[in-house]
Amino acid sequence: METVVDFASYLWLLLLVAAFASGLVDAIAGGGGLIQVPALFAAYPDTHPATLLSANKVSSIGGTINAARRYLRHAKLPWNILGPAIVAGFVGALLGALAVSVFPPEPLRKALPFMLAILLAYTWFAPNMGLENRPTHKIGRHEPLKAVLVGLIIGFYDGFFGPATGSFFLFAFVRIFYFDFLHASAATKLVNVTTNLASILMLTSLGFIDWPLGLSLMVANIFGSQVGSMLAIAHGSQFVRKIFLIVVLALIARSAYSAFFSN
């Protein structure tokens, strides 16, 4: 009995460490699910995947809100871009969560490593991209429409499948709206809060929720996001860019293995 208790305590400690690391990475460059989701699936192999994904969303939303709060103290964001993206992201995530009950996510799972490879290559070969914040340079009447499209498409992806959502949002704010990496990370957190919330609401309505697990991991995730946002704010866009490249590279490896080499 003592051995079982010790193992359960050890497993729980590992989950808390994973939640902390997830919050830290996610606060800087997105991709925290790369750490937390595999840990949850390894710890609870007999639990329904949708329940574990809901626990990940509940845990992550706490860290995302905390990171957004810290970023907003240091980053002034253009709300004529961010507002439409937030609303559209919420709608897109709801539609994506609905669609997952109808359409299999398998094609997206196999396409993900290739999409991430393109994103990595583009960022790698544009070393000055995202180092200067100039969103007002390109704001016009079409920018809110672009923000709606970005929110809908990536929000739908988050509700339907999910991995690397933060990285996709971060890249979109840098490439399409000319944010630097620090301001793009701040914008990503705000939109990601709404897509996480939409997914949680939909999964809860379908009965796939484990509040005690999600809320307990949220505490560790918030601590991680506190450290991650502090590091990003202290070291600036060049630091965020480097972490972003590392996270995307890790996501490519993880998603390629999951899509083509696992059972």
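**Rings and pockets**

Reply: Both Phe169 and Phe173 are buried (under 20% relative accessible area; exposed is over 50%, partly exposed in between; 1.4 Å probe, protein chains only). This is a predicted model: local features need pLDDT of at least 70, side-chain atom pairs count only at pLDDT 80 or more, and totals for chains, interfaces and linings use all residues. Residues are numbered from 1 along each chain as its sequence is written, and side-chain values use heavy atoms, leaving out hydrogens and water.

Me: Where do Phe169 and Phe173 lie?

Reply: Both are in helix 7, 4 residues apart, about one turn of the helix. Helices are DSSP runs (H or I, at least four residues), numbered from the N terminus.

Me: How many aromatic pairs are there?

Reply: Rings of Phe, Tyr and Trp (its six-membered ring) pair if their centres lie within 6.5 Å; planes under 30 degrees apart are stacked, over 60 edge-to-face, the rest tilted. The count here is 7 aromatic pairs. One of them, Phe114 with Phe260, is edge-to-face, at 6.1 Å centre to centre and 75 degrees between the planes. Phe114 is in helix 5 and Phe260 in helix 9, 146 residues apart.

Me: Is Phe114 buried or exposed?

Reply: Phe114 is exposed, because its relative accessibility is 53%. Phe260 is partly exposed, at 40%.

Me: Which residues form one aromatic cluster?

Reply: Phe169, Phe173, Phe177 and Phe179 do.

Me: And the empty space?

Reply: Rolling a probe the size of a water molecule over the atoms shows where empty space is left. Helix 5, helix 6 and helix 7 each supply at least two residues to the lining of the second largest pocket.
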